[in-house]
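Please read this briefing alongside the sequence and the 3D structure, which are shown next.

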Amino acid sequence: MPAPGENLRINSERLWDSLMDMAQIGPGVAGGCNRQTLTDADNEGRHLFADWCKAAGMTMGVDTMGNMFATRPGTDDSALPVYMGSHLDTQPTGGKYDGVLGVLGALEVVRTMNDLGVKTRHPIVVTNWTNEEGTRFAPAMLASGVFAGIHSQDYAYARKDAEGKAFGDELARIGWVGDEPVGARKMHAMLELHIEQGPILEAEAKQVGVVTHGQGLWWLEITLTGRDAHTGSTPMNMRVNAGLGMARITERVHQIAMSHQPNAVGAVGHCTVYPNSRNVIPGKVVFTVDIRSPEQPKLDAMKAEVIRAAHAVAAELGLGCAIEDVGHFDPVTFDAGLVKTVRQAAETLGYSHMDIVSGAGHDACWINRVAPTVMIMCPCVDGLSHNEAEEISPEWAAAGTDVLLHAVLEVAEVVG
């Protein structure tokens, strides 16, 4: 069979219908999704995905981290598989496309190949990675991190949510502890389609983002300890206010990120205040600083500056201060050959495109440690993500998935 031409496209209506069907599982309160990892909703979404894969003629494998691998055979049993996929879990107030487009877009690639009777030398695997979001069990990209040897499985199984439930126990509860040793699979390559989660592609009127790099990040969990006291009867000069410390550190994080422009960001995105009462001065706060940059020296410098600033603020206010690393990965450079393949696919299809750096972390960032990897991005409206108002167009979804189709067929080697 000759190389696929520009007329080869996925079934965009079928893809969109699948996205909408999955969005019905774990619906949010404002039009998005709440399908957090290892919940009953996650279990239901996994079963729907598995049913679709079976209907597409694929066989399902599951490893001990609950990662799902649906395989379409190739013509050469000795050839390493080409992987596609992303994640089905969402934020508590997440959108319908973050991660899900990458999984169901990959499924649509296989469905299209089935429709057309396309065969490849390499097997093709569609993957759903467990707990990419990290919102229930920190850190993010947990299962792909175990797969890539970044974390141990014991570490992952011991992660606990806000209610004290352990990852390993919840994985067993919903019935998705597989029998494959995690990380045992070998890959020829992995391609991940994802929404941008930022405003650049839409602002530049580009249909496709060719992802060349990924930002590195640090998540620093800071615990400040002061003294609970009555807000009305405690003199201002006698307070040991952990909440004030958090406020000052939050401002310093912003200043530090601004001082390292361009290509640096930082914010405090999660906090817990104790005792969290209207008329009690906070005696303890726990919050997470998120700093990111695609440049290693900037990332290292920002981390050091945040740690110094936190300890300085705590000392000034008489607070105890403990800092723990709860998430990290270095900046990522995706495989140059795969980047070229994705770019050529976009050009063959006539889609407007541009090179882009991923501002968010993705499973591909970890898998890049063990196999050649690349990402493809589609725009999202106003760059909004991790929000129930997250939106993309059917045309954007189709364009990104068309590029995924052509790139995968090139890498997996069409035969016939």
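Strand E13 gives the largest share of the lining of the largest cavity, namely 3 residues. The structure is a predicted model, in which local features need pLDDT of at least 70 and side-chain atom pairs count only at pLDDT 80 or more, while totals for chains, interfaces and linings use all residues. Residues are numbered from 1 along each chain as its sequence is written, and side-chain values use heavy atoms, with hydrogens and water left out.

**The cavity**

- A cavity here is a set of points, on a 1 Å grid over the protein atoms alone, where a 1.4 Å probe fits but cannot get out, and its lining residues have an atom within 4 Å of a point.
- Grid points are joined across faces, edges and corners, and a volume is the space filled by probe spheres set on the points; by this rule there is 1 cavity of 30 Å³ or more, and the volume of the largest cavity is about 60 Å³.
- The lining of the largest cavity is made up of Pro139, Ala140, Met141, His151, Leu217, Trp219, Gly327, His328, Phe329 and Trp366.
- Strand E8 (216-225) and strand E13 (320-329) are the elements that give two or more residues to this lining, where strands (E, at least two residues) and helices (H or I, at least four) are DSSP runs numbered from the N terminus.
- The lining residues divide into 7 nonpolar, 3 polar and no charged, with Ala, Val, Leu, Ile, Met, Phe, Trp, Tyr, Cys and Pro counted as nonpolar, Asp, Glu, Lys and Arg as charged, and the others, Gly among them, as polar.
- Met141, one of the lining residues, has a positive phi of about 50° although it is not a glycine, and it is found in the loop between strand E5 (124-128) and helix H4 (142-147).

**The two domains**

- The domain assignment gives domain 1 (12-214 + 331-415) and domain 2 (216-329), with bounds that come from an automatic or database domain assignment.
- The C-alpha centres of the two domains lie 33 Å apart, and their contact (heavy atoms within 4.5 Å) takes 12 residues from domain 1 and 12 residues from domain 2.
- Because domain 1 and domain 2 both give residues to the lining of the largest cavity, this cavity lies between them.

**The open sheet**

- Strands of a sheet pair through backbone hydrogen bonds, either parallel or antiparallel.
- An open sheet of 4 strands runs in the order E10-E12-E8-E13 with antiparallel pairing, two strands being paired if DSSP finds at least two bridges between them.
- Strand E10 (265-274) and E13 are the edge strands, each pairing on one side only, and the twist averages 15° from one strand to the next.
- E10 and strand E12 (residues 284-293) pair in the antiparallel sense over 9 bridges, and histidine 270 stands opposite threonine 288 in E12.
- Helix H8 (residues 242-259) packs on the sheet, touching E8, E10 and E12, and its direction makes about 5° with that of E12; axes are lines fitted to C-alpha atoms, for helices over the stretch in contact, and angles run from 0 to 180 degrees between N-to-C directions.

**Loops and cis peptide bonds**

- The peptide bond from glutamine 261 to proline 262 is cis, with omega near -5°, and proline 262 is placed in the loop between H8 and E10.
- The peptide bond from tyrosine 274 to proline 275 is cis, with omega near 0°, and proline 275 is placed in the loop between E10 and strand E11 (280-281).
- Glycine 74, in the loop between strand E2 (68-72) and strand E3 (82-86), touches Thr120, Arg121, His122 and Pro123, not counting residues up to four places away in sequence.
- The C-alpha atoms of glycine 74 and proline 123 are separated by 3.9 Å, although these residues are 49 residues apart along the chain.

Definitions and conventions
On a 1 Å grid over the protein atoms alone, a cavity is a set of points where a 1.4 Å probe fits but cannot get out, and a pocket is an open set with protein on both sides within 12 Å along at least five of seven lines; lining residues have an atom within 4 Å of a point.
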